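User: Got a model open here. Can you walk me through it?
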Protein chains: 2
Amino acid sequence: MSRNTVRNILFVMCDQLRWDYLSCAGHPHLQTPHIDALAARGVRFDRAYCQSPICGPSRMSFYTGRFMFSHGAGWNNYPLRVDEWTLGDYLRPLGMRVALAGKTHMKEDTDGMARLGLDPVSEHGVLVSECGFEPYERDDGLHPDRSADPDLAYNRFLRQKGYRGDNPWSSHANSTESDAGETLDGWYWGHSNGAARVRDEDSETPYMTDRAIDFITEMGDKPWCLHLSYIKPHWPYIAPEPYASMYGSEHILPVQRNAREEAEAHPVYAAFMRHKDSMLFRRPEARETIVPAYMGLIKQIDDQFGRLMKELERLGRLDDTMIVFTSDHGDYLGDHWLGEKDLFHEASVRIPLIVYDPRPSADATRGTVSEALVEAIDLVPTFVEAAGGAVPVHRLEGRSLQPLLDGRDVVWRTYAISESDYSGRDARADLNLAPMDARCWMLRTDRWKYVLHETFRPQLYDLEADPGEFVDLGADPACEGIRAKLKEMLFDWFRNRRLRVTISDEEIVRRTGGADRQGILIGYWKPSDP
Amino acid sequence: MSRNTVRNILFVMCDQLRWDYLSCAGHPHLQTPHIDALAARGVRFDRAYCQSPICGPSRMSFYTGRFMFSHGAGWNNYPLRVDEWTLGDYLRPLGMRVALAGKTHMKEDTDGMARLGLDPVSEHGVLVSECGFEPYERDDGLHPDRSADPDLAYNRFLRQKGYRGDNPWSSHANSTESDAGETLDGWYWGHSNGAARVRDEDSETPYMTDRAIDFITEMGDKPWCLHLSYIKPHWPYIAPEPYASMYGSEHILPVQRNAREEAEAHPVYAAFMRHKDSMLFRRPEARETIVPAYMGLIKQIDDQFGRLMKELERLGRLDDTMIVFTSDHGDYLGDHWLGEKDLFHEASVRIPLIVYDPRPSADATRGTVSEALVEAIDLVPTFVEAAGGAVPVHRLEGRSLQPLLDGRDVVWRTYAISESDYSGRDARADLNLAPMDARCWMLRTDRWKYVLHETFRPQLYDLEADPGEFVDLGADPACEGIRAKLKEMLFDWFRNRRLRVTISDEEIVRRTGGADRQGILIGYWKPSDP
């Protein structure tokens, strides 16, 4: 390995893992020693934000290095336009094999490909359809019976292991049993306190870990970037034993919500409170049924991550591999009267982010915690720089974390942005909004969290005085000045989106005033003039 | 022809033709009877704006139906990204042949095509490279010796006609002669008072008109959309006889500028005043040398347009062809101490726009003048609707002019937008700006013209009190309230750009709440629950 670049990148993502459900982030009952060990080797970014608190758009930002507004794929299964460049477009020319094991939530731009005559199953078509990743194994992890791929690799694996049925993903890995032996469907969250009908080693997280180990082993000394993307701890909230029985109500943190929030809720927030998943968390038994399963799934990820790290060590890959551990967004789990994600409370929008850089340049920061406001889009430029490439700032809207990893004194950004397009959610229909009006934006500074809504008044939280985000100052006359200032910052942000993607700033500077050189004379009077 | 749709579309564009250099728009000395006749048959839109007062981005907006901010091609030769959909993508599926005769200023996205493995000379590659037009004959009209295409069709034509030299475009069509017979290069504007070294019928405007007539004749009764795109009256300001001698200093309008403008100029405006082309117009002889040539070139266009209309009539095409006459932007010609275009005074940003709709539905408005604020991007949806297609509002940011053509009572927009990205201009270097900071935006309401600048204070003009745009109220404390209001409108505009291009609003509404239907249950407790 050159000491200046990393040879490999292991980019591990969980789905719906809250920032605070790791022991290194302070969870008192959920011990995650293997993930903590990565934090001890690298930097844990304690104030990291996803670009949109929902799978699809968040991931499209992770993979393109661009804000949701810029890449345009605003919600799950809104296709990513065919010429959005992705991680693979940047790393492949640097000699890396760029592959996927797990989930991306990528929806291909069928119309865009057809318009260009691009065959979706051609080499280029596959890469564009898979968000730039070679699909070593793609599995987005949700396989309800009525839309399950009959040839799903994981189902083939389960059947080989002796599990029966057309869709053992559903009937075994994501179902449990009643005491009477009746199968209970994991789609129903009331079944989450049962154990999955599958052995630990046959469940999804170990399975995908195996696939990652297969890939890494196959690659030997050849450079790679692997996106290992776990579907868990995303619902169905069903863990196999021993994880299913590991946590009880004594391990559950108190729910974070109060009556004032509900009474004074912003209209959009109130509409999300009325969602089925939010209402479900009002059941007294909801959290004690669901949260232990959620914790068990995380504990399993930690164990599997430990197994993977051990394997990397055995293969000698710890010295030349940059390793990132993160999640696409969080999970309200009933906090703030909400389920799921979508909105901008920390439970939803803040993500775990640990970066281990094997190079000596990062020795000074090992085991430290960074308070810098970092964003999901920072990873693509970080990877490009680590792999020795030049960062194309005319497309990439994030910033390489390298100066932070090196402990250099650097002026960092003053705010983080996240966006929500809830046009596809019931709240949009409930509020009777046109799809373009069902959008909101978060701007979070050191102290403030400001949320601008189309149509409705903004929300505002003072994170110093009110770290729990219970008091919405969005209509408080005393805060008019700060709201105006934050709104102005957001306007600056909009104007400066990188949509001029086909030419670099350097090239623009190089060309400036260059018409003369091509013989195009503008504003000359006569040849005899000076 | 179905009475509900038009069979053909003739989309005529001039280059750098000011809105006010037509007799139907009030020019007292320049008679343009053939263009006026189109206005008498259709609607003349008196307050039409280009989306960016410079060729490349203006045209990319005309052809994509999208604002410059959205399509991203901010200046000449900044490539249009490979998956921006263009007019041809919308009209071709409706059965039209969509072709080009003349200029587009399209720069293809080579990197984008290479990334997708798209061969630029394949059928799809050509369309994408040519901005969606089949290049019946592409000619962008600027052919300096050092970068001239050796095989330029127009040069082959000239040589066939007996004109000599490697590049008769330059040596004949865009040069003149001294009294001593010496060739004088038309790139130098001081030579504009001479006649081109080419016969009228061999000059560029008649040549391209012939190509249009060839195409239309070839097509017979088959449906087509032809973009006839003249390079003139864009510089080189060299007209052939008889047009070269048609106008004299007695026909020149007084220059529109005053000392106060110069003394109080906004920094960006001042930097443009220092451009070579602007400085040139300070010469006392500049306008009387240049403007008569500019007028002659327009007069020639009018005559050729008349010839074309006669041919359409002869072919019976006047009954089934929608005809549009417009320009990509204007020309300061020394007004406001400026040459060229780029900024937002009416001389630069306002464009002629006449639309003739052959259908009986438009009978009520024939010969009328509309004061609606219309934009270049309105043409694509107008064409799509006229051709019987559904307007994809998730991509197209303009509005079909059909209700205005039909004389229907309709709530129209309250402001027009234009944008300028001067990152490639000397003013950017002069002001020592980063490329992203060399951008400004115009918002024009019925009364106000507001210009927001990155880095610098805004400009503001009261078009009621000051129709000549001589008094910049951008720093006037009395106008703080209106500036804030206009700025807020501009912020709304930014947020509502159509970047979610891969899914329609209708499809979003259709899908809302549809996860259940796929078997993805979110927030259900138990099957036994209601």
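Analyst: First a caveat on annotation. UniProt positions are given in the numbering used here, feature names are shortened, and annotations may be inferred rather than shown by experiment. Also, this is a predicted model.

User: Fine. What does UniProt list for residues 7–388 of chain A?
Analyst: The unreviewed entry gives "domain: Sulfatase N-terminal" for residues 7–388 of chain A. Over that stretch the chain is 34% helix and 15% strand. Its end C-alpha atoms are 9 Å apart.

User: Do they meet through the same surface or different ones?
Analyst: The same surface, because 100% of the interface residues of chain A are also interface residues in chain B.

User: How much area is buried between chain A and chain B?
Analyst: About 8300 Å², with carbon and sulfur atoms giving 59%. In chain A, Arg81(A), Arg115(A) and Trp525(A) lose the most area to chain B. Together they make up 11% of what that side buries.

User: How many salt bridges across the interface?
Analyst: The rule finds 16 between chain A and chain B. One of the salt bridges pairs Glu454(A) with Arg495(B), closest N and O atoms 2.5 Å apart. Polar contacts across the interface come to 45 residue pairs.

User: Which helix of chain A gives the largest share of the side that touches chain B?
Analyst: Helix α18 (residues 480–495), with six residues. That side of chain A divides into 38 nonpolar, 18 polar and 32 charged residues.

Methods: Residues are numbered from 1 along each chain as its sequence is written. Chains are lettered from A and ligands numbered from 1 in the order in which they are written. This is a predicted model: local features need pLDDT of at least 70, side-chain atom pairs count only at pLDDT 80 or more; totals for chains, interfaces and linings use all residues. Side-chain values use heavy atoms; hydrogens and water are left out. Contact means heavy atoms within 4.5 Å. Helices (H or I, at least four residues) and strands (E, at least two) are DSSP runs, numbered from the N terminus. Buried area is the accessible area (1.4 Å probe) that two parts lose on being put together, summed over both. A salt bridge is a side-chain nitrogen of Lys or Arg within 4 Å of a carboxyl oxygen of Asp or Glu. A polar contact is a pair of N or O atoms within 3.5 Å; within protein, one must be able to donate a hydrogen and the other to accept it, and residues adjacent in sequence count only if both atoms are side-chain atoms. Ala, Val, Leu, Ile, Met, Phe, Trp, Tyr, Cys and Pro count as nonpolar, Asp, Glu, Lys and Arg as charged, and the others, Gly among them, as polar.
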